[in-house]
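Trainee: Could we go through this model together? I would like to begin with a single residue and then move on to the helices.

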Amino acid sequence: MSEPTTGTPDTSRATTGKPVKQIHLAAHFPGVNNTTVWSDPQAGSHIEFSSFAHFARTAERAKFDFLFLAEGLRLREQGGQIYDLDVVGRPDTFTVLTALAAVTEHIGLTGTINSTFNEPYEVARQFASLDHLSAGRAAWNVVTSWDAFTGENFRRGGFLPQEERYSRAKEFLATATELFDSWHGDEIVADRESGIFLKDAQAGAFVHRGQHFDIAGRFNVPRSPQGRPVIFQAGDSDEGREFAASSADAIFSRHSTLDAGREFYTDVKGRLARHGRAHDQLLILPAATFVLGDTDAEARELAHEVRRQQVSGQTAIKYLEHVWNRDLSGYDPDGPLPDIDPDPGEHTIAPGRASVRMFRDPIAVARQWRERAEAENLSIRELVIETTGRQSFIGSPATVAETINAFVQADAADGFILVPHITPGGLDEFADTVVPLLQERGVFRHDYTGTTLRDHLGLAHPDGRAEPELRRAAS
């Protein structure tokens, strides 16, 4: 992590002379990777609804914008065996979010739904329904999937070439938007005296003819409170950034150090104008972990222990196998790296894992890692800890609050999606100690001022007609 910024920023204007930005905060319910420490005595269930309810209520008590559920569409495997070092499985996203709508009032409800293995009508119907049932708090993280391993769970598994995934995603989103906008919001009159329910006999009518979708009919969910769900996107490739700049309301980012965050922020925001969009029409929200202590030194000690929990000896060996593409179970995680080279074969030992796709030249990666391990005298486990550590806010509540604010005011982000390592209670301390300090600085809300997620995020409500960019994408 970058060194915490010292000093207290002016709460009326940032150091550059521009108005101070309000910070956006959200919470990610972890579980699709080894960020969460499910073996910790404080950890709870990832299936029981009480865990989701506790997490959501904490985020709402802290006045967060939204909570976020990621999703995995297939159980991960390694060497043909279920990889149980991560949390295995998760209840259906829509089911969980709909249930949470009944036990919360303000917090936004964001779900990851894949555009590769679903159909626009089904997904649009589910999100429009969620938006109605939550009174305008639904959000959709639009993702793609290219690997045949995941696709084997679906009727047309593996049919989509990787180079077509964003083409389908763009048309998927554009088609869903046409369905949302097939209702304008004023069709239902329900006049008891005349017996007229709809004033427009064409309500919900749609026709879409495109490369990926050829559908026509009537969309059966009237226009919801937000008109459309808030759209999130998480791609980091050039195509992903362009997709977000053209169509998304917010983009998740993995660039959460100060310098990398500012570079990403400038690049993505700079793409908006050519799509006819203003600077504030896309929010940039990196994911970030955090570890709090009474002092900065205590927090650093705790963070060290957390990383050792997240990367056990067994986890370290399994991760190394992603690069070596070999069974390394005979190696000591506290010993040196293997002296054999990776097997760059076509069939991977851990199909579908993003970390496998990251290492496109495993021979070069192994060489770099050996050099680093030798120079720093690192064991396998120590090297994995060093190479997989994500950005974290580490320190006392005052230090963490100061650092988060400094990042946002420096345009490295518009806010952060916090990922606690303990579920479901890992967010509680942040809500109780850091949030009040941000409120004292005047950079975070004391209460919700609107009713919908678009209100929380400062986004305009669409008028019921697809924007030109979406119409072009659909055609």
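Mentor: Ala135 is partly exposed, with a relative accessible area of 45%, where buried means under 20%, exposed over 50% and partly exposed in between, using a 1.4 Å probe and protein chains only. This is a predicted model, in which local features need pLDDT of at least 70, side-chain atom pairs count only at pLDDT 80 or more, and totals for chains, interfaces and linings use all residues. Residues are numbered from 1 along each chain as its sequence is written, and side-chain values use heavy atoms, with hydrogens and water left out.

Trainee: Where is Ala135 found, and what is its phi?

Mentor: Ala135 sits in the loop between helix 3 and strand 6 (138–143), and its phi is positive, about 60°, although the residue is not a glycine. Helices (H or I, at least four residues) and strands (E, at least two) are DSSP runs, numbered from the N terminus.

Trainee: And Ala190, which element is that in?

Mentor: Ala190 belongs to strand 7 (residues 188–191); Ala190 also has a positive phi, about 45°, without being a glycine, and with 35% relative accessibility it counts as partly exposed.

Trainee: Changing topic, which residues of helix 2 are buried?

Mentor: In helix 2 (residues 93–101) the buried residues are Thr93, Phe94, Val96, Leu97, Leu100 and Ala101. They cover an arc of only 165° around the axis, so they lie on the same side of helix 2, the arc being that of the directions from the helix axis to the C-beta atoms.

Trainee: What do they pack against?

Mentor: The buried residues of helix 2 pack against helix 1 (49–61), strand 2 (66–69), strand 5 (108–114) and helix 3 (120–133), with contact meaning heavy atoms within 4.5 Å.

Trainee: How do helix 13 and helix 14 cross?

Mentor: The axes of helix 13 (residues 397–409) and helix 14 (residues 428–440) come within 9 Å and cross at roughly 55°. The two helices are therefore oblique to each other, given that angles under 35 degrees count as roughly parallel, over 145 as roughly antiparallel, 65 to 115 as roughly perpendicular and the rest as oblique.

Trainee: Which residues make that contact?

Mentor: Helix 13 contributes Pro397, Ala398, Val400, Ala401 and Ile404, while helix 14 contributes Phe430, Thr433, Val434, Leu437 and Leu438.

Trainee: Last one, where is Pro424?

Mentor: Pro424 lies in the loop between strand 15 (415–418) and helix 14, and a cis peptide bond, with omega about 5°, joins Thr423 to Pro424.

Terms used:
Axes are lines fitted to C-alpha atoms, for helices over the stretch in contact, and angles run from 0 to 180 degrees between N-to-C directions.
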